[in-house]
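Subject: Structure handover

Hi,

Here is the structure I promised to pass on to you.

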Amino acid sequence: MADLASSMLSKTKPDEKCSKPGLNEEVKENVPNTLLEGKDLEADDPFGLKIGDTFLVKRLDDTWHNGEIVQMRLNEVEKNRREYYIHYEGMNRRMDEWVVQERMNIKGVPQTKIEVEHALEEQAERKITRNQKRKHDEINHVQKTYAEMDPTTAALEREHELITKVKYVDRVQIGTYEIDTWYFSPFPDEYGKQPKLWICEYCVKYMKFEKTHRKHLTDCTWRQPIGTEIYRKGSISVYEVDGRDHKIYCQNLCLLAKLFLDHKTLYFDVEPFMFYILTEVDRHGAHIVGYFSKEKESPDGNNVACILILPPFQRKGYGKFLIAFSYELSKFEGTVGSPEKPLSDLGKLSYRSYWSWVLLEILRDVKGTLSIRDLSQMTSITQNDIINTLQALNMVKYWKGQHVVCVTPKLVEEHLRSTQFKRPRLLVDPLCLKWTPPKKQPVIKKFKKLQATSK
């Protein structure tokens, strides 16, 4: 398959246009690039607020929630506006945000816990059922408390939270989209504490200033991701990028992804990974929608290391498309695979829905019986993932030391009629995938060679 619009390709390597972390070359502007923050601001806070104070804070959906001040700053980009970084009690850190004082219910002193609880009780008009609470927690991304975690997980979470506690980059501009970010990302200091970053949607270079971004757009000749186009159907295209060959591009991609993923640890060691970039194609070029990365050699048999759909493109079927794409690659390789754990909250929902639909489609059309192993060979989904999915669907029994698929046509049809397991909007067409699996490195059996020598 020919790459998108070969006339758009530049003879200049895109890495020369991209930025190494900490080495972005930018046009100098008369704009401050530092932010005043932290304990130094407490002494002269006009409202007497301090880090650690707790107040009711009005969220963007006009509801009030108990929030703790985690950090303060003077946002020089917004004419030295004083802002407070708020963590909402009992909610996932992706909901944390910088707010102005007007959104905080200040009564001169921080509210007591009893006052907060009383206000929240008045806000709730009725009791909710356990099922309603579960749905509420999923929608609002309520996270587990440390007490609900095992000791090892709790210790890791505390360490992770300490390092990534404050999200400084509030927004990023990518193409025509201005996107609110969710989490901290370790951009270099001169970039990492800017309230907004501008990112080229083609070479993913990040910039501090809009003027720099506009100049970059006139200089950057790329109109597609770096790498090789391996899939094209209609306006959907996928590019394969080797982290070893295009290190800077992949590093910048990971820094962008971290803004929307909490537990992502891969930022700079990208060489052992392949990246698969999903794009929407129009007459202007191939615009990034999302991507997944994959280890070249995974000892755990993972076929996805990290997966992300940018927020403007979520809930359009692209997540399940990338999941299906990862399994098509596994089928081409003749292997089974599973995503690297732990999955994000959105990842869990997407994978469970995809696995369920794939298995239900097979079980609806099958003649005779199928074992767990048969299903795994047909789908490239691991046996453990199949068992867990069928257990959730109440379609597997444990009998005589093994799991046995136990279904009826009526049960399958009932599940398929559910909106949770409906047919994905976007399907991968294997005929449009032009890809050859990489050759595996041969394993040298040194032990046997030594044995033969000793005889």
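How many residues does helix α8 have, and how far does it reach from its first C-alpha to its last? Helix α8, residues 318-333, has 16 residues and reaches 23 Å, close to the 22 Å expected at 1.5 Å a residue. That expected span is 1.5 Å times one less than the number of residues. Helices here are DSSP runs (H or I, at least four residues) and strands are runs of E (at least two), both numbered from the N terminus.

Before the rest, a word on the ground rules. This is a predicted model, where local features need pLDDT of at least 70 and side-chain atom pairs count only at pLDDT 80 or more, while totals for chains, interfaces and linings use all residues. Residues are numbered from 1 along each chain as its sequence is written, and side-chain values use heavy atoms, with hydrogens and water left out.

**The chain as a whole**

The protein chain holds 13 helices and 19 strands. Of its 455 residues, 46% are buried (under 20% relative accessible area; exposed is over 50% and partly exposed lies in between, with a 1.4 Å probe and protein chains only). The accessible surface comes to about 25400 Å², and carbon and sulfur atoms own 52% of that (Shrake-Rupley method, 1.4 Å probe; for residues, only the protein chains shown count as cover). Among contacts (heavy atoms within 4.5 Å) with a separation of 6 or more, 63% are between residues 24 or more positions apart.

**Back to α8**

After the helix comes Gly-334, with a positive phi near 75°.

**Strands**

An open sheet is formed by four strands in the order β8-β7-β9-β10, with mixed pairing. Its edge strands, β8 (177-180) and β10 (206-207), each pair on one side only. Pairing here asks for at least two bridges between two strands in DSSP. Strand β9 (residues 196-199) and β10 run antiparallel and are joined by two bridges, with Ile-199 partnered by Tyr-206 in β10.

Further along, β18 and β19 (residues 402-405) are antiparallel too, joined by four bridges. Tyr-398 stands opposite His-403 in β19. Two residues sit between the strands of this hairpin, where Lys-400 takes a positive phi near 55°.

**Loops and backbone angles**

Asn-394 has phi near 60°, and its place is the loop between α11 (383-392) and β18 (396-399).

Pro-342 lies in the loop between β17 (338-339) and α9 (345-365).

**Asp-262**

Is Asp-262 buried or exposed? Asp-262 is buried, with a relative accessible area of 12%, in the loop between α7 (247-258) and β13 (273-282). The side chain of Asp-262 makes a polar contact of 2.7 Å with the side chain of Arg-93 (N or O atoms within 3.5 Å; within protein, one able to donate a hydrogen and the other to accept it, and residues adjacent in sequence count only if both atoms are side-chain atoms). Tyr-183 is 79 residues from Asp-262 in sequence, yet their C-alpha atoms are 6.1 Å apart in space.

Best wishes
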